[in-house]
Amino acid sequence: MSVEILDGATIVNFMEDEEAFNAQICHRFAHLDSDHDGRLSYREMLKELQCLRVLETHFGVDVETDPDELVRVYDSLFVQFDHDLNGTVDLEEFKSETKQMMLAMANGMGFLPVQMVLEEDSFLKKAAEWESAKLVA
């Protein structure tokens, strides 16, 4: 984990760089696709869904959540990715839904800088690194 400063523009600009964004999507998808069949099962997606940190925290500390509620949340998120409801998520579904979630996050953040603790392999971390590389170049 690392602390980064970013805003909605960082996320939007990263997604608008189709080459950089698509490379990260393909890399993440390949990492999650442990059986290399070109589709993500619920089991393969679960770690990614858990990283979204959609559950309530208190000043960054997780609040204990009912296990049944967790199952419902992750089931619901998986269905959101599985557009054709075939029980798996293909690369295009993964890309499309990730993009929608990132846009929603960018819209929610607005354009004032926010300091965030980010997972090392998260899309937000990649967006922050992308922006830093652009500033150095």
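1. Let me start at a loop. L85 sits in the loop between helix 4 and strand 5 (89-90). This is a predicted model, and in it L85 has a positive phi of about 55 degrees although it is not a glycine.

2. You'll find H36 in the loop between helix 2 and strand 2 (39-40). Its phi is near 55 degrees, again a positive value in a residue other than glycine. H36 has 66% relative accessibility; the cut-off for exposed is over 50%, so H36 counts as exposed. The H36 side chain also reaches back to the backbone oxygen of S34, at 3.5 Å.

3. Now the overall layout. The protein chain has six helices and six strands. Going along the sequence, they come in the pattern β-α-α-β-α-β-β-α-β-α-β-α. Of the 137 residues in the protein chain, 34% are buried. Take the contacts between residues at least 6 apart in sequence: 67% of them join residues at least 24 apart.

4. On annotation, UniProt (an unreviewed entry) puts the feature "domain: EF-hand" at residues 20-55 and 69-104. In the model, the stretch 69-104 is 75% helix and 6% strand.

5. What holds the most contacts inside the largest nonpolar core? That would be I11, M45 and F94, in a core of 27 residues. The elements giving two or more residues to this core are helix 1 (8-16), helix 2 (18-32), helix 3 (42-51), helix 4 (67-81), helix 5 (91-109) and helix 6 (123-136). Neighbours within four places in sequence aside, M45 is in contact with L40, F78, F81, V89 and F94.

6. After the helix comes G110, with a positive phi near 75 degrees. The buried residues of helix 5 are E93, F94, E97, T98, M101, M102, A106 and M109. Note that this list includes E93 and E97.

7. What does the side chain of E97 join in a polar contact? The partner is the side chain of Q80, at 2.7 Å. Q80 lies in helix 4, and its relative accessible area of 37% makes it partly exposed. Leaving out neighbours within four places in sequence, Q80 is in contact with E97 and M101, both of which are on the buried list of helix 5. As for F94, Q80 is 14 residues away in sequence and 9.8 Å away in space, C-alpha to C-alpha.

8. Next, the aromatics. The count comes to six aromatic pairs. In one of them, F21 and F123, the ring centres are 6.5 Å apart and the planes sit at 45 degrees, so the pair is tilted. This pair links distant parts of the chain, as F21 is in helix 2 and F123 in helix 6, 102 residues apart. F21 and F123 are buried. Ring pairs also tie F14, F21, F123 and W130 into a cluster.

9. Last, helix 6, which carries F123. It has 14 residues and reaches 20 Å from its first C-alpha to its last, close to the 20 Å expected at 1.5 Å a residue. Which residues in helix 6 are buried? They are F123, L124, K125, K126, A127, A128 and W130. Two lysines, K125 and K126, are on that list, along with F123 and W130, which also belong to the aromatic cluster.

Notes
Residues are numbered from 1 along each chain as its sequence is written. This is a predicted model: local features need pLDDT of at least 70, side-chain atom pairs count only at pLDDT 80 or more; totals for chains, interfaces and linings use all residues. Side-chain values use heavy atoms; hydrogens and water are left out. UniProt positions are given in the numbering used here, feature names are shortened, and annotations may be inferred rather than shown by experiment. Helices (H or I, at least four residues) and strands (E, at least two) are DSSP runs, numbered from the N terminus. A nonpolar core is a set of buried Ala, Val, Leu, Ile, Met, Phe, Trp, Tyr and Cys residues joined through side-chain atoms within 4.5 Å. Buried means under 20% relative accessible area, exposed over 50%, partly exposed in between (1.4 Å probe, protein chains only). Contact means heavy atoms within 4.5 Å. Rings of Phe, Tyr and Trp (its six-membered ring) pair if their centres lie within 6.5 Å; planes under 30 degrees apart count as stacked, over 60 as edge-to-face and the rest as tilted. The expected span of a helix is 1.5 Å times one less than its number of residues. A polar contact is a pair of N or O atoms within 3.5 Å; within protein, one must be able to donate a hydrogen and the other to accept it, and residues adjacent in sequence count only if both atoms are side-chain atoms.
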